[in-house]
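Colleague: I would like to learn how to read a model of this kind, one feature at a time. Please give the general idea before the case.

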Amino acid sequence: MAPDATAAAGTTPVLTATGVTMRFGGLTAVRSVDLTVHDRQIVGLIGPNGAGKTTFFNCLTGLYTPTEGTVIYRDTLLPAKPHLVTQAGIARTFQNIRLFPSMTVLENVLVGRHTRTHEGLLSALLRSPGFHRAERASHQRARELLEFTGLADKADHLARNLPYGEQRRLEIARALASDPGLLLLDEPTAGMNPQETRAAEHLVLAIRDQGIAVLVIEHDMRFIFNLCDHVAVLVQGRKLVEGTPRTVQGDERVIAAYLGTPFEGAPGQDEAAEVEAAEAARAAEAATTAAALAAHAQAEAATRAEAVTRAEAVTRAEADPPTATDDTPPHPHHEENDPR
Ligand SMILES: Nc1ncnc2c1ncn2[C@@H]1O[C@H](COP(=O)(O)OP(=O)(O)O)[C@@H](O)[C@H]1O
Ligand SMILES: [Mg+2]
């Protein structure tokens, strides 16, 4: 853990999610999840693929209307409307980068700025003094954010021409342009090389130092355990464990939940892989033995069944001599009474 991470965290809740449940038809992707993020906290959300992490983010940001549960930002109960959630103070990035590829870097940040500019359409059309003032302020803020995210010298480049790591940074710059109090990051280092990942760590710490709380989904466990004050683990839609990185790292259930799907950089991943391989070998062996036993049992059962059938046939024949309805030709009745 970074030495200053816990020291900086506050005690005022910024985000309070209570009993958030999201069902898609028969599938419950998120089950009654409670989560609180405090001011100046960096909270990690981890869990195997398909655990419901992104779905939970979508519930927090109004992209989905949760089937059950509430989301409160500071003192405001959030409606399930993304633009209102952004206005309230929550910004996010996406697991799959969503930029305007044919716009410049600066323009992408200006788009993110628009929820914070209160000049209306009429003002824009009339090019009123208010509009020009707001536009100047927006440009200034956008340039500050490019400086902050290390993209200042790329302001006029088209977004699509940026290397991957810089596109991710641009997404963060654009999210910050709405002046959020809480930033949600969905796998911000996915596809990054180690240097880019370390730079992203520094950026997240700098964002927190600006007084913005961060909730981050990430598979890179080094990133999570370096940065986070608090970590929650989702497995099959449920919150399995939460606590300090140390608590979560040592929890048997977390280790077990990940054994099936080891993640990159996971603590003890090599050992887990070894255990898994050994278990797979044992399982294969057991399966072979079980198959042999089953075949044997089946053969035996077949023999027994045949014997039973035969015995039954004999019994039936003794107890119930064949009649005209049987397949065997009837003894002519007169034979028995034939006085011959
Ligand atoms: N819009 C949707 N419609 C139906 N099922 C969905 C939808 N979004 C996600 N899911 C399902 O919900 C589960 C959780 O997915 P997701 O939240 O993307 O997991 P994670 O981000 O933890 O990998 C998965 O089984 C996924 O297929
Ligand atoms: Mg996801």
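Colleague: What pLDDT does the chain average?

Modeller: pLDDT is the predictor's confidence in each residue, from 0 to 100. The chain averages 84, and 80% of the residues score at least 70. Over residues 1-7 the pLDDT is below 50, and this stretch has 11 contacts in the model beyond near neighbours in sequence. Two residues are in contact if their C-beta atoms, placed from the backbone, lie within 7 Å. Residues 321-340 also stay under 50, with four contacts beyond four places in sequence. Where pLDDT is low, the predicted coordinates should not be read in detail.

Colleague: Which conventions apply here?

Modeller: This is a predicted model, in which local features need pLDDT of at least 70 and side-chain atom pairs count only at pLDDT 80 or more, while totals for chains, interfaces and linings use all residues. Residues are numbered from 1 along each chain as its sequence is written, and chains are lettered from A and ligands numbered from 1 in the order in which they are written.

Colleague: How many helices and strands are there in the chain?

Modeller: Both are DSSP runs numbered from the N terminus: helices are H or I with at least four residues, strands E with at least two. The chain has 13 helices and 10 strands.

Colleague: At what angle do α4 and α6 pack?

Modeller: Axes are lines fitted to C-alpha atoms, for helices over the stretch in contact, and angles run from 0 to 180 degrees between N-to-C directions. Helix α4 (residues 105-113) meets helix α6 (residues 129-148) at about 115°, with the axes 9 Å apart. On the α4 side the contact uses V105, L106, V109, L110 and R113, and on the α6 side S138, R141, A142, L145 and L146. These divide into seven nonpolar, one polar and two charged residues. Here Ala, Val, Leu, Ile, Met, Phe, Trp, Tyr, Cys and Pro count as nonpolar, Asp, Glu, Lys and Arg as charged, and the others, Gly among them, as polar.

Colleague: How far apart are the axes of α4 and α7?

Modeller: They are 7 Å apart, and α4 packs with α7 (residues 164-176) at about 35°. V105, N108, V109, V111 and G112 of α4 meet L170, A173, R174 and A175 of α7.

Colleague: Which residues have the most contacts inside the largest nonpolar core?

Modeller: A residue is buried if 20 or more other C-beta atoms lie within 10 Å of its own, exposed if 12 or fewer, and partly exposed in between. A nonpolar core is a set of buried Ala, Val, Leu, Ile, Met, Phe, Trp, Tyr and Cys residues joined through C-beta atoms within 7 Å. The largest has 69 residues, and those with the most contacts inside it are A173, L182, L183, V214 and L215. Beyond four places in sequence, L183 touches A91, A175, I207, I212 and V214. Of the 340 residues in the chain, 32% are buried.

Colleague: Why does A17 count as buried?

Modeller: A17 counts as buried because it has 22 C-beta neighbours inside 10 Å. A17 lies in strand β1 (residues 13-24). D34 is 17 residues from A17 in sequence, yet their C-alpha atoms are 5.2 Å apart.

Colleague: What is the phi of R40?

Modeller: Most residues other than glycine have a negative phi. R40 is not a glycine, but its phi is positive, about 55°. R40 sits in the loop between β2 (27-38) and β3 (42-46). D179 likewise has a positive phi, near 50°, and is found in the loop between α7 and β7 (182-186).

Colleague: Are R40 and D179 buried or partly exposed?

Modeller: R40 is buried, because 21 C-beta neighbours lie inside 10 Å. D179 is partly exposed, with 14 other C-beta atoms within 10 Å.
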